[in-house]
Amino acid sequence: MKRVKGDEDACSSSSEGPTESCKKVRKLQPSKEKHQEEEEETDVDLCEFGFDWALLPQEILLNIFQFLPLLDRAYASQVCRGWNQAFHMPELWRCFEFELNQPASSYLKATHPELIKQIIKRHSNHLQYVSFKVDSSTESAEAACDILSQLVNCSLKTLGLISTARPSFMELPKSHFISALTVVFVNSKSLSSLKIDDTPVDDPSLKVLVANNSDTLRMLKMSSCPHVSPAGILCVADQCHGLRELALNYHLLSDELLLALSSEKHVHLEHLRIDVVSENPGQHFHTIRKSSWDAMLRHSPKFNLVMYFFLYEDEFGPFFREEVPITHLYFGRSVSKDVLGRVGVHCPRLVELVVCANGLRPLDEELIRIAKRCTQLSAIGLGECEVSCSAFVEFVKMCGRRLSQLSIMEEVLIPDHKYNLDEIHWEVSKHLGRVWFPDMMPTW
Amino acid sequence: MVGNTIHWFRKGLRLHDNPSLKESIRGADTLRCVYILDPWFAGSSNVGISRWRFLLQCLEDLDTSLRKLNSRLFVIRGQPTDVFPRLFQEWQTSQLSYEYDSEPFGKERDAAIQKLASEAGVEVTVKVSHTLYDLDKIIELNGGQSPLTYKRFQALISHMDAVESPAEIITAEVMRKCATPISDDHDDKFAVPSLEELGFETEGLATAVWPGGETEALTRLERHLERKAWVANFERPRMNANSLLASPTGLSPYLRFGCLSCRLFYFKLTDLYRKVKKNSSPPLSLYGQLLWREFFYTTATNNPRFDKMEGNPVCVQIPWDRNPEALAKWAEGRTGFPWIDAIMTQLRQEGWIHHLARHAVACFLTRGDLWISWEEGMKVFEELLLDADWSVNAGSWMWLSCSSFFQQFFHCYCPVGFGRRTDPNGDYIRRYLPILKAFPAKYIFDPWNAPESVQKAAKCVIGMHYPKPMVHHTEASRLNIQRMTQIYQQLSCYRGLGEHRAQPAETTANSLKIRLESLEESKQIPITNLIGNNIMCFFYSGRGHAAVKRSSEDLTPGGSNKAQRQTSN
């Protein structure tokens with residue numbers, strides 16, 4: 001990522017003869033061009049061609065500009081007309097991330113409003129991969145919608161709506177948001193990736209999405225969209241046969257959905273991410289039939305099933321009673337020994353496991369069972385849990401080198417008659433085949 | 001030639017292990033020990049009453065000890081750059097001594113004073129004694145860079161020369177012919193001020209739980225070692241409800257002010273270990289407390305922006321929320337979560353909380369629940385916490401908010417569960433939040449879940465006598481895990497990972513790249529482990545997963561992708 005310094009002089013000095021410019025070119029850019037012929041040519045030949053910076057071909061400028069962050073590119077664009085033209089080449093405006101922050105709610109800078117105006121005016125039809133990052137203020141979410149509504153000439157392939165703090169899209173009047181979003185759905189017609197977590201998107205707008213983009217949609221992330229119903233997402237699965245990645249909340253998951261995703265017409269699913277979130281203690285969750293999971297697995301044998309659980313300890317009743325093809329499992333709140341025991345029995349495809357908290361009784365048995373039964377396990381993270389050092393060493397021994405990620409808080413390990421904390425890291429390192437230490441927190 | 005020496009106390013408020021003072025006395029005819037009162041904390045002016053009181057007690061103690069040597073402490077108000085030229089003149093100073101201050105602001109201040117001293121023909125004597133090692137030597141050993149991980153730091157320490165022995169205590173014998181000219185009006189001009197004189201309201205102020213001063217510090221050290229010897233166990237003690245309360249053997253504030261020499265503590269600990277364990281080589285973990293402190297001093301010493309996010313090369317740029325109202329609730333212990341509020345209350349009242357309590361409240365403020373910047377939390381601790389100095393405080397906050405060094409953000413402390421597991425009976429809550437005293441243990445950590453009858457019986461209705469919880473923890477932590485995941489996905493985009501990238505973010509582009517490179521400082525700690533977010537974060541965004549590699553190529557067109565491909569390996 002080499003910066004081209006001193007260009008201003010070379011480019012704007014029309015008073016300098018070609019020889020002077022050539023010398024500068026040689027000094028500054030020894031071999032920027034990789035073209036064979038030019039490498040073989042001598043310096044004199046270059047000068048004979050009257051080479052100077054102003055004549056640098058646009059394709060090369062484009063290549064260079066792509067390495068520059070936007071601000072630097074903008075400075076470069078002010079050097080001369082040719083570079084200004086290059087700055088506005090469509091290829092440089094395919095991707096853009098609008099950062100919408102207010103000083104009262106964020107420490108970070110926002111995309112300049114003038115720049116936004118320029119982009120909409122000159123480049124909206126070049127945009128293909130767009131994301132909006134908004135802070136916690138409603139103003140920022142409104143600004144995002146405002147821009148969305150103006151993307152009439154766009155044929156977007158990717159759209160991401162990202163709240164960087166509180167989900168401010170949820171605070172907008174629903175109709176306002178929907179109408180802005182629908183502009184994109186209707187005009188783009190070739191949306192491939194859509195990330196709309198934590199937004200007030202609803203069933204009708206999903207219908208619009210499907211009506212216009214069913215052939216191209218491959219990725220849909222819509223966790224925590226409370227206005228969508230299971231029927232709404234089923235419509236997407238039924239029509240968008242190219243869908244490869246899906247992220248949603250558990251309340252939208254149904255047997256029908258899984259069957260739709262496993263239908264013959266449907267491509268192999270690659271990632272399914274499900275957030276299981278409890279609104280109130282004692283919430284009841286429905287069950288998914290094992291036959292539905294089996295159908296999924298038959299249709300897409302390599303798919304990743306990622307589940308994030310944010311439940312109270314006593315809400316796990318319906319889960320892990322039968323075999324389920326989970327590959328990546330995250331417990332964001334405390335989870336009981338009993339449930340972890342069930343995980344060991346019913347999750348043979350498990351690849352990653354993260355437990356935020358458990359309690360003050362050792363998870364020795366449960367861990368060893370997981371090591372034995374979850375033969376694909378390669379990453380594990382334990383927070384506020386307890387495991388005796390011996391059991392932990394046993395666990396690591398059984399998993400061996402497949403454990404590429406072992407993140408255990410130091411407090412988790414309980415020294416016993418066999419190992420103390422200083423010895424354990426050697427034992428574990430031995431079995432892992434690399435140097436390992438538990439995670440530490442400052443204690444001063 | 002009369003040798004008139006000034007010793008300048010800043011930290012290092014002690015007479016034991018004070019090599020710069022000792023050196024200063026040698027060959028001097030007169031000694032004057034000064035303390036300059038304004039500005040006090042180099043670089044920070046945000047100091048609460050507990051910290052002032054502790055300092056004043058330290059100064060009183062110094063004055064008392066100096067009296068026994070026929071000397072006194074001279075407390076002078078003003079800025080060092082104004083005060084010193086005047087003193088040099090008045091006292092015909094030939095030598096100035098002070099303990100080395102490794103913090104960037106301190107180094108700048110001292111450079112200015114050294115210049116003034118050389119202009120006045122005053123010789124300057126500086127010695128390292130606030131840290132175990134000469135920090136510049138550690139940095140040198142690491143190729144000129146401060147170590148960025150604690151593991152790396154420990155590895156460097158194990159290759160350093162032995163810690164220097166503490167200097168002997170200043171006694172009458174050490175003083176010998178050196179005298180202190182004390183005027184009749186010394187108390188008028190140079191006495192240690194009282195809290196009232198400094199403008200504080202002291203009515204209703206409870207007695208200090210942590211009394212300041214070298215005398216107290218040394219007593220505590222003896223007690224601390226006695227207890228360790230009695231237990232004959234040098235392992236980290238298991239956390240229980242009692243650990244949360246202030247301990248008479250706690251030493252951290254005394255180390256911070258320098259009432260207790262870290263080197264003295266180090267050697268005494270080593271001696272005791274050898275005696276009890278009949279083993280000559282203690283493990284590094286024995287000095288955990290001291291080494292953490294040392295680590296943060298080392299990482300901070302060359303980074304003037306260590307206490308900021310913006311422009312700080314070791315800090316991840318996280319889009320924290322600006323929310324003064326929420327911050328105030330946290331700072332004042334009004335979050336509605338008894339565990340958090342009790343901890344903040346203890347902090348405000350006493351000036352010290354257990355390190356796990358710190359983790360709990362720091363997590364709650366930043367990446368756990370409120371998503372507020374660690375800089376805000378750091379400022380509150382600066383005001384209230386007795387043992388928080390610039391380097392250690394900023395470093396710990398960055399650590400606890402997963403903004404640097406430590407990136408295992410999956411581990412989130414639950415403001416209900418964690419407290420309940422630590423103190424099942426709830427006595428800690430009852431002690432610091434008497435309004436909740438009558439709640440049964442079952443509900444005391446989440447009183448909003450208690451039936452109305454229970455609340456009425458406890459004479460404390462949630463929403464009226466005690467606030468409702470200010471966030472829905474499950475929802476907040478779900479959101480925040482997403483946020484952190486997003487941020488760390490961006491960090492790894494330079495490795496060609498990340499399933500949704502529009503373009504490299506302006507503010508983070510170059511600094512991230514530098515940071516990623518500097519993080520990978522040891523072959524033993526591969527970069528993926530340090531970032532450590534393959535857990536639930538990147539597993540499905542790359543790392544050899546063919547399908548997603550395809551989709552990330554789809555997401556970014558040929559041109560821009562080249563930029564990413566070029567910088568990935």
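**View 1. Phe295(B) sits in helix H12 of chain B**. The model shown here is predicted. With a relative accessibility of 0%, Phe295(B) counts as buried, since buried means under 20% relative accessible area. Helix H12 covers residues 288-300 and also holds Gln289(B). Buried or partly exposed: how does Gln289(B) count? At 23% relative accessibility, Gln289(B) is partly exposed.

**View 2. A stretch of chain B carries a "binding site" label in UniProt**. The label comes from an unreviewed entry, so please keep in mind that such annotations may be inferred rather than shown by experiment.

**View 3. Asp110(B) and Arg10(B) form a salt bridge**. Their N to O distance is 2.8 Å. Where do the two partners lie in chain B? Asp110(B) belongs to helix H4 (residues 104-119), while Arg10(B) is in the loop between strand S1 (4-9) and helix H1 (19-25), so the pair ties together parts that are 100 residues apart in sequence. Both Asp110(B) and Arg10(B) are buried.

**View 4. Asp63(B) meets Arg72(B) in a salt bridge between side chains**. Here the N to O distance is 2.9 Å. Asp63(B) counts as buried because its relative accessibility is 4%. Arg72(B) is buried as well, with a relative accessible area of 7%.

**View 5. Glu332(B) and Arg334(B) pair up in a salt bridge**. The closest N and O atoms of this pair are 2.8 Å apart. Arg334(B) is partly exposed at 37% relative accessibility, and Glu332(B) is partly exposed at 46%. Elsewhere in chain B, salt bridges with shared partners link Arg10(B), Asp101(B), Arg109(B) and Asp110(B) into one network. Over all chains, the count comes to 40 salt bridges.

**View 6. Four glutamates make up a negative surface patch**. The members are Glu196(B), Glu197(B), Glu201(B) and Glu203(B). Which part of chain B holds Glu196(B)? Glu196(B) lies in the loop between helix H8 (186-190) and helix H9 (214-231). Its relative accessibility is 47%, so Glu196(B) counts as partly exposed.

Conventions. Residues numbered from 1 in each chain as written. Chains lettered and ligands numbered in written order. Predicted model: local features only at pLDDT ≥ 70, side-chain atom pairs only at ≥ 80, totals over all residues. Heavy atoms only, no water. Patch = residues over 30% accessible without salt bridge, like charges linked within 9 Å, V, L, I, M, F, W, Y side chains within 5 Å. Areas by Shrake-Rupley, 256 points an atom, 1.4 Å probe, with all protein chains shown as cover. Lys, Arg positive; Asp, Glu negative; His and termini not counted. Charge placed at Lys NZ, Arg CZ, Asp CG, Glu CD. Helix = DSSP H or I, 4+ residues; strand = E, 2+ residues; numbered from the N terminus. Buried < 20%, exposed > 50% of the residue type's maximum accessible area, 1.4 Å probe, protein only.
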